[in-house]
Amino acid sequence: MWNRAVEDDNTRPLSAPRVDPVVWAAVQAAEARLRAAAWLVPSRRRVTLLRVGYAVLDRMTRTNAVRVPVPERDLVLDTGISDRATIRRALRWLHERVGVLDVEAF
C-alpha cells in the first residue's frame, strides 16, 4: 500500500502556487532594491537586513499580496534573529529604501 501511495505522489505533477503578476513584479522590484541597498551598510549589518528583507518578500509571495503584516514575533521565527530590537532597526532602515513600513495599529 505504501509503495503505491509513493508512486502516485511521484507521478502527480506539482502545482506551483499562483502568484498575481502585480505581486510578482513588486517582489522582483523590491528584491532588486534590497540587494542594492544591502551594499550600503557594513557586512555585519548586511546579513540582518537581507534576512529581514527576504522574509518580508517571502511573506508577500506566500500570501499573494503586496501589503502584508509582519509582526516582529513572526520575523523572529522566519529569520532566526531573536533580538526584536534588531528586527525593528532593520525594518526602519529598509523603510523607503525597499518598501514602506506602516506602523499604525488602526
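This report covers the pockets of the structure and a few of its residues.

The model is predicted; local features need pLDDT of at least 70, side-chain atom pairs count only at pLDDT 80 or more, and totals for chains, interfaces and linings use all residues. Residues are numbered from 1 along each chain as its sequence is written, and side-chain values use heavy atoms, with hydrogens and water left out.

**Pockets**

A pocket is an open set of points on a 1 Å grid where a 1.4 Å probe fits, with protein on both sides within 12 Å along at least five of seven lines; lining residues have an atom within 4 Å of a point. Volume is the space filled by probe spheres set on the points, which are joined across faces, edges and corners.

| Pocket | Volume | Lining by class |
|---|---|---|
| Largest | about 550 Å³ | 14 nonpolar, three polar, three charged |

The largest pocket has 20 lining residues, and Val56, Val68, Gly99, Val100 and Leu101 lie nearest its centre. Helices are DSSP runs (H or I, at least four residues), numbered from the N terminus. Helix 2 (21-38), helix 3 (43-63) and helix 5 (84-94) each supply at least two residues of this lining. Helix 3 gives the most, four residues.

In the second largest pocket, helix 5 has the largest share of the lining, with three residues. The lining includes Pro69, Arg88, Leu91, Arg92 and Leu101.

**Leu101**

Leu101 sits in the segment after helix 5. Its relative accessible area is 26%, so Leu101 is partly exposed (buried is under 20%, exposed over 50%, partly exposed in between, with a 1.4 Å probe and protein chains only). Leaving out residues up to four places away in sequence, Leu101 touches Leu91, Arg92 and His95; contact means heavy atoms within 4.5 Å.

**Positive phi**

Most residues other than glycine have a negative phi. Asn64 is not a glycine, yet has a positive phi of about 60 degrees. Asn64 lies in the loop between helix 3 and helix 4 (72-79). Asn64 is partly exposed, because its relative accessibility is 33%. Glu96 also has a positive phi, near 75 degrees. Glu96 is in the segment after helix 5. Its relative accessibility is 59%, so Glu96 counts as exposed.

**A charge over a ring**

Arg97 lies over the face of Trp93, at 4.2 Å from the ring centre. The test asks for NZ of Lys or CZ of Arg within 6 Å of the ring centre and within 35 degrees of the ring normal.

Definitions and conventions:
Ala, Val, Leu, Ile, Met, Phe, Trp, Tyr, Cys and Pro count as nonpolar, Asp, Glu, Lys and Arg as charged, and the others, Gly among them, as polar.
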